[in-house]
Amino acid sequence: MTSITTAQTQRLSLIDVINRCDSFPYPSDTVRLERLSFLTFIVDEIPCGRIHSSVVPHIVAFNQQDRPAFHITDTTIAFMPWLKDYESRSDAIAQMLDIWRKDTKSFPSLSGWRDELYGVYTHNTDPATTKGGAALAIERSACGIFGVHAYGIHMNGYVRTGPRPHEVKMWVARRSATKPTYPGMLDNMVAGGMGFGHSPGYTVLKESMEEATIPLEIARNAVPVGTISYTKLSKDETDSQPETQIVYDLELPADFTPTPCDTEVENFRLWTMDEVLDSIRSGEFKPNCACVCLHFMIRHAVLTPENESDYLEIVQRLNRKLEFPGPKKWPTFKEDL
């Protein structure tokens with residue numbers, strides 16, 4: 001079994017690492033939840049997100065029109081009954097965000113406008129009122145404002161160094177210093193959000209080429225191996241972001257080297273598991289990417305019940321139960337590969 005060695009300067013336990021990613025309080029922390037003051041975002045009578053009380057005055061202001069778009073109570077925000085399908089709901093949200101994006105002091109997350117939509121799902125999949133099973137779609141950078149469930153893919157690229165599961169090295173990416181989020185931090189070999197209309201498998205192929213110049217014939221060997229899920233709380237405690245990352249492994253030939261294709265990645269390095277773990281404990285990884293690495297280390301017996309005292313809690317915490325619905329079938333209407 002591989003030994004897990006760490007540098008004297010390390011300051012994070014692996015639970016600390018998870019807490020940096022999964023930072024929204026759990027239901028049992030009622031005192032903190034009440035202090036945070038979030039309202040439930042309701043769609044089709046189903047909780048689909050959470051909106052901070054500081055956003056309510058901006059929604060009230062938007063409602064000052066001939067037909068108000070939102071019904072607001074002390075604890076909930078919902079669409080008015082006349083907004084009952086994908087098109088009308090998505091349009092109302094888009095109109096409101098077009099106003100808000102001019103106010104980056106109140107909505108700093110919108111300064112990173114992506115011009116990419118994420119689907120919001122309920123239990124209703126009626127094609128007469130949904131699109132691709134989604135009740136509405138929201139600009140990616142605004143998902144945290146509404147606290148809706150977002151999805152992405154993360155792929156571990158690795159090379160075998162021996163016959164045992166833990167005898168592997170991992171390809172690690174360094175994010176560009178110009179990235180608007182987590183600049184210069186370490187990342188998984190391939191990762192990306194799932195735009196509305198893209199399935200997980202398609203997103204893997206798309207991001208593999210865009211981020212790491214991995215040919216389709218190699219990327220198609222990626223294997224889905226599970227998920228991690230968490231809810232992030234923004235530093236100012238006004239945005240919450242539930243996310244599920246669908247995790248893939250891609251075993252690569254020893255003579256293949258991923259290379260940056262766009263401006264999002266600075267470089268790739270092939271590291272031992274000890275080097276990866278050392279950098280995780282040192283806080284050098286983007287938080288959710290660190291959790292994806294831990295997921296890999298558990299599955300490949302790098303972390304075991306014998307060498308990690310928090311093993312059981314780590315396994316449990318990597319898959320937070322998220323309370324908002326997700327898709328039953330991934331929409332694929334924007335795929336072109």
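**Entry 1. Helices H1 and H9**

I began with the crossing of H1 and H9, which is left-handed. The model I consulted is a predicted one. I recalled that two packed helices are described by the angle between their axes and the distance between the axes. For helix H1 (residues 14–21) and H9, I noted an angle of about 135° and axes 8 Å apart.

I then listed the residues in contact. On the H1 side I found Leu14, Val17, Ile18, Arg20 and Cys21. These meet Pro287, Asn288, Ala290, Cys291 and Leu294 in H9. By class, I recorded 8 nonpolar residues, 1 polar and 1 charged in the contact of H1 with H9.

**Entry 2. Helices H8 and H9**

I next looked up helix H8 (residues 273–281) against helix H9 (residues 287–299). Their axes come within 11 Å and cross at roughly 140°. That angle makes H8 oblique to H9. I noted the crossing of H8 and H9 as left-handed. From H8, the contact is made by Met273, Val276, Leu277 and Ile280. From H9, I listed Ala290, Cys293, Leu294, Phe296 and Met297. The contact of H8 with H9 has 9 nonpolar residues, with no polar and no charged ones. I noted that Ala290 and Leu294 of H9 are named in the contact with H1 and also in the contact with H8.

**Entry 3. Strands E5 and E6**

Is strand E5 enclosed or open? I found 4 of the 5 residues of E5 (residues 117–121) to be buried, so the strand is largely enclosed by the rest of the structure. E5 pairs with strand E6 (residues 134–139) in the antiparallel sense, over 5 bridges. For Gly119, I identified Ala137 in E6 as the bridge partner.

**Entry 4. Positive phi values**

I kept in mind that most residues other than glycine have a negative phi. I looked up two residues with a positive value.

Thr213 is not a glycine, yet has a positive phi of about 50°. I located Thr213 in the loop between helix H6 (200–212) and helix H7 (216–219).

I placed Glu237 in the loop between strand E11 (223–233) and strand E12 (240–251). At 23% relative accessibility, Glu237 counts as partly exposed, because buried means under 20%.

Notes. Residues numbered from 1 in each chain as written. Predicted model: local features only at pLDDT ≥ 70, side-chain atom pairs only at ≥ 80, totals over all residues. Heavy atoms only, no water. Buried < 20%, exposed > 50% of the residue type's maximum accessible area, 1.4 Å probe, protein only. Pairing = 2+ DSSP bridges. Axes fitted to C-alpha atoms, helices over the stretch in contact; angles between N-to-C directions. Parallel < 35°, antiparallel > 145°, perpendicular 65-115°, else oblique. Left-handed = near helix turned anticlockwise from the far one by under 90°. Contact = heavy atoms within 4.5 Å. Nonpolar A, V, L, I, M, F, W, Y, C, P; charged D, E, K, R; others polar.
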